[in-house]
Amino acid sequence: MKYTDMRQELTDYYQTDGGVSRARAFANKCFERLDSEFREGMSITDQKLLQYKVISEEFEPAVFKTSPFYYETGMLVSVSDGCRNAKGSDFIHACGWVYARNRHFFSDFDPELWELMRTQRAECLYLLGDYGDTGQHFNFNNRPILEGGLKSIYERALALLDGECDADARDFLRGVCEGMLRIKEMSEKFALKAKKMLESETDPEYRKNLSLIADTACRVPWEAPRTFYEALNTLAFMRKALGSLEGVGPNTFGRLDMDLYPFFERDLSSGLLTEEDAYELICKFLIIWDMHYSHDMAMVGYADHELENTYTLGGCDKDGKPFFNKLTLLFLRATREEKIIFPKIKCRYSFDSPKEYLDEINRSVIAGTSTILYQNDNATVSAQIRGGRSPEEARDYVVTGCWGLGYDTEKYDHGCYLNILKAFEIPLHRLQDKMDRIKLQFLPFDGVESFDELYGRVVKNCEILLRERIRMTKTGGHVWSQVDTLPIFSSTLKDCLENKRNFFAGGARKRDDYLLCFGLPNIVDSLMAIKTLCFDEKKYTLEQMLTAVRSNWEGFEDMRREAIKCHGWGDGNEDSSSLANRFNNDLFDIAERTEGSYGGKVHIGHLTYTEIRWWGEKTLATPDGRYNGDYFSQGLTPSRLKKITSVTDVINSMMALDDSTMASNNVVNIILPSDKITLDSCEAFLRAVAYSSVMSLQLNCVTREQLLDAQKHPEKYPDLIVRVCGFSAKFTSLSPGWQDEVLTRNFYEG
């Protein structure tokens, strides 16, 4: 690792109290001024424009002499992506003023519905913000800015504004125009700051960086970037500017090897830079994000190592042909050599990806540095096409946030988890008091006379929960327009400008719901245990099984052991695979029959974040052998109760699922032995996975013995990085609880 001075300067800035004091002081200053300048009767747009104005006027840019990039506004805590609430702190960023002032409209609209949503959320039925994911997972589309600069967006909006009579349309277009101008002013402040710093700087290398910033920031991104450096800086600057002004978290830079390649190729051809020059810029670009927090910080809570910052490499082009180029390899090399954990790197691949590309992805992973998410194009594109996209559009996706799939046509609610295991647990344990609180009456399991009757009730209960979740956003989601407006974010989503509407007012091309289910492996394993022991072998009655589970298996350990030994999801068994496919298809059919919150479609997927622990702790025992409070399975990952040794069995099981039904993505954890895996065997494994329904593959190459030794001797393993869930972290930085979670996973023999 190089760039010592740069790393130190960034560490001093970002890791001194995590930027909390700086961001809090700025928020207090802005809130005081905003409150004083607010006038009763101001429209929501006028409030937002006031927020833009005050923030852009009050902020002082941070320019780092060791870096050529200008981007840091100093308004957000270091681990924040732009979300209004300061992560890990008890205050609201300056960019949250409008939202904070008007958030009461959500509860005022229907107080009873609001309280019911809060109750259902507290009971872990689903993850939902204020009737939607209103702060994070905003897949900002940078392409129009790379192509024409902010100026092109401003001019389009200004032309549409001319002669427009509709008040809502005028408000939106005014917001876009003003937003572009405020970002322009912010950029120009960086140029002035760099010029001021040049007056006293004597170091030649630092003067070079400052001169570059002074010369560029006065033009870009108002003008379209012309060089590879300017394009990279545009991405860096827009991430911070959008978060700082708009109050939402942009969580992807997009397809960097595709979007930046024309700049890279043009600079190489003209002799403006060499490949090594480009590589150095890439290293510095990645480092500025990687230094926002300490990788040695203890990972204890919900999302301590989560910065919601991603980019996508590889995949296919619009015709479906494998895509990768020199830039792909340079980004992978920089990630490996500089040991970058953030931004999170998402690598798309398929069964016909070039070996050179797969080997370059795999080098770090098989060495125990698992910072890469593998995204299977074959399964993912199939699902997107069935979900309503054209083949060309479906092939141009990015992987955002943790595992979310993003396009430039809509904003996705990638944090909208649907806990179908709760729809199973509540009637299983006859929790009538809980059903009364959440105002949902699930069908009971007691007294059913056949497995098919039981299965039908399980599916119906999932439908009750799914429809209730959609009812919440369908009823309350429209209040968005009274709480906040996002003209900058909406300006680059396809069709928002043409329709002269914010995305939440129906401006974007698509407005679908993306529900992320979790609990399928546990439910399938539970159903398999009941079917086998109670209906096929008739070793126990259903009443006996229910009594054992309701007793947390106390006094029924023999039955629990037999339940765990039954075939289950991921073991390659035909019956368990068939049941999982049947259950997933039934969930898909429920979603297909349900109108979305905003008139669009409802898509399902299978993803789980750290709720595998936090919600698992609040979930009672299940017939698969789980005790009260045990872990959930993550996404479609087989249960850790099933000691499956063959990874081939897992892949064969995944081949039984219809990948086209999961347009919201799915995730599977796999741990392969580092002492047996090679580049060639890892390549072969990935190609096999590509023929299955696995979409997001989280691959760790490590042995249990290595992890146990790392617990005892952490100093020996400074670079042992594991994929935890939606992010990676040093194993030695994980709390004992999270280390144990990793250690109890299935370790496959290969």
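Predicted model: local features only at pLDDT ≥ 70, side-chain atom pairs only at ≥ 80, totals over all residues.
Within strand β2, R348 is the bridge partner of G314. Strand β1, residues 310-314, runs parallel to β2, and five bridges join the two.

Strand β2 itself spans residues 344-349 and is mostly covered, with six of its six residues buried. In a regular strand, side chains alternate between the two faces of the sheet. In β2, K344, K346 and R348 point one way, while I345, C347 and Y349 point the other way. Residues on both sides of β2 are buried, the lysines and the arginine included.

Both β1 and β2 belong to an open sheet of five strands, whose order is β1-β2-β3-β10-β9 and whose pairing is mixed. At the edges of this sheet stand β1 and β9 (667-672), each of which pairs on one side only. From one strand to the next, the twist averages 30°. Further along the sheet, strand β3 (residues 372-376) and strand β10 (residues 696-701) run antiparallel and are joined by two bridges. Here Y374 stands opposite L697 of β10. Helix α16, made of residues 377-386, lies across β2 and β3 and runs at about 55° to β3.

A further open sheet has three strands in the order β6-β7-β8, and its pairing is parallel. Its edges are held by β6 (417-419) and β8 (602-606); each has a single partner strand, so one side of each is left without a neighbour in the sheet. The twist in this sheet averages 35° from one strand to the next. Strand β7, residues 513-518, pairs with β8 in the parallel sense over five bridges, and Y514 stands opposite H603 in β8. This sheet, too, has a helix lying across two of its strands: α18 (residues 420-428) lies across β6 and β7, at about 20° to β6.

Attention now turns to a pair of helices. Two packed helices are described by the angle between their axes and the distance between the axes. For helix α7 (residues 143-161) and helix α10 (residues 228-246), the angle is about 70° and the axes are 10 Å apart. That angle makes α7 roughly perpendicular to α10. The crossing of α7 past α10 is left-handed. On the α7 side, I145, L146 and L150 make the contact, and they meet A231, T234, L235 and M238 of α10. Of the residues in this contact, six are nonpolar, one is polar and none is charged.

Note on methods. Residues numbered from 1 in each chain as written. Heavy atoms only, no water. Axes fitted to C-alpha atoms, helices over the stretch in contact; angles between N-to-C directions. Helix = DSSP H or I, 4+ residues; strand = E, 2+ residues; numbered from the N terminus. Parallel < 35°, antiparallel > 145°, perpendicular 65-115°, else oblique. Left-handed = near helix turned anticlockwise from the far one by under 90°. Contact = heavy atoms within 4.5 Å. Nonpolar A, V, L, I, M, F, W, Y, C, P; charged D, E, K, R; others polar. Buried < 20%, exposed > 50% of the residue type's maximum accessible area, 1.4 Å probe, protein only. Pairing = 2+ DSSP bridges.
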